[in-house]
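Q: Please take a close look at one part of this structure: the charged side chains and their partners. Which of them pair up, and where do they sit?

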Amino acid sequence: ASPHLSCIAANMFARALAASVGIAAAAAIDHEVAAALWDNDQCIGDDADCALHALQLRASQNSSEDGDSHYYWDGQCTPCPAHLYTHCLKGGHLVAERGCGPANVHCEGRCSMPQKHETEEKFKNCKTAYHQTEVTAGLSIVKNGFDVSYVKNWGLAGKGIYFATSINATENKAEHHGYCLEVRVCLGHSRYLPREPIPGCCTFESLQFDGYDSATIDRGGFYYREYVVYRNDQMKVLRGWECEPNGAEK
């Protein structure tokens with residue numbers, strides 16, 4: 001065979017090999033997507049975007065386990081850039097971001113692990129405050145701590161955890177009753193708000209932009225005052241107990 005024909009044959013073989021590798025890679029991706037759809041009970045039907053998000057979450061979890069123990073991916077998928085939105089709810093500081101969600105158009109934050117005593121050193125102005133919820137949620141909070149990401153109904157001062165200055169005051173403030181919590185709440189520089197702040201006035205991002213770390217709602221004297229915090233590392237549960245709506249132990 002002529003050198004020219006040999007060259008053509010070699011090129012054709014290389015293209016065929018590249019195509020077969022591409023097909024195999026695509027098949028592997030399709031298999032992973034299908035597996036994610038099968039394994040993730042939150043994905044409905046053939047929702048490939050949901051499956052891809054599940055794969056990204058799995059990769060995030062694996063990288064957290066296998067990566068540098070001084071950092072973690074926070075699982076908060078927000079619009080980009082990440083520093084304009086709430087991240088690092090477990091504590092620490094935002095150090096990087098990466099794409100998340102369908103087509104990676106949103107951003108997940110990479111955070112430094114919080115150091116011992118970092119919260120009180122950073123926020124200071126710590127108070128003993130009280131919160132009441134239903135029994136199942138209360139037991140979970142005692143075991144795992146507060147998690148702002150679970151907040152569904154935003155209060156007067158935005159998406160945060162709300163506390164009273166006494167356990168008795170939670171009777172008329174709490175949405176759910178049955179389990180009482182005494183909590184160390186670190187307010188840092190707290191923004192004082194009137195009795196009826198403008199609904200949606202505050203987010204952690206807007207407060208931070210103005211130099212604040214929390215909100216304090218003046219409801220008419222110390223007894224009725226409310227504290228609002230927005231990060232998990234601003235709260236430490238001191239004790240919890242099953243209670244009557246007025247806070248008395250059952």
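A: Start with Arg98 and Glu108, which form a salt bridge with their closest N and O atoms 3.0 Å apart. A salt bridge here is a side-chain nitrogen of Lys or Arg within 4 Å of a carboxyl oxygen of Asp or Glu. The two partners lie 10 residues apart and link distant parts of the chain: Arg98 belongs to strand 2 (residues 94-100), Glu108 to strand 3 (residues 106-112). Helices (H or I, at least four residues) and strands (E, at least two) are DSSP runs, numbered from the N terminus.

This is a predicted model: local features need pLDDT of at least 70, side-chain atom pairs count only at pLDDT 80 or more, and totals for chains, interfaces and linings use all residues. Residues are numbered from 1 along each chain as its sequence is written, and side-chain values use heavy atoms, with hydrogens and water left out.

Now the burial of this pair. Buried means under 20% relative accessible area, exposed over 50%, and partly exposed in between (1.4 Å probe, protein chains only). Arg98 counts as partly exposed because its relative accessibility is 23%. Glu108 has 6%, so it counts as buried.

By the salt-bridge rule the count comes to four. Another of them joins Lys173 to Glu226, with the closest N and O atoms 3.2 Å apart. Here the partners are 53 residues apart, Lys173 in helix 5 (residues 170-173) and Glu226 in strand 9 (residues 226-229). Lys173 is partly exposed at 30%. Glu226 is buried at 10%.

Arg239 and Glu182 also form a salt bridge, at 3.3 Å between the closest N and O atoms. Arg239 sits in strand 10 (residues 235-242), Glu182 in strand 6 (residues 179-186), 57 residues apart. Arg239 is partly exposed, because its relative accessibility is 40%. Glu182 is buried, at 15%.

Asp74 makes a contrast. Its place is the loop between strand 1 (71-73) and strand 2. Asp74 is buried yet has no salt bridge; Arg98, the nearest side chain of opposite charge, is 7.9 Å away. For charge, Lys and Arg count as positive and Asp and Glu as negative; His and the chain ends are not counted.

What does the Asp74 side chain reach? The backbone nitrogen of Gln76 is 3.0 Å from it. The backbone nitrogen of Cys88 lies 3.0 Å from one of its polar atoms. Beyond its neighbours within four places in sequence, Asp74 is in contact (heavy atoms within 4.5 Å) with His87, Cys88, Glu108, Gly109 and Cys111.

Key. Polar contact = N/O pair within 3.5 Å; in protein donor to acceptor, adjacent residues only side chain to side chain.
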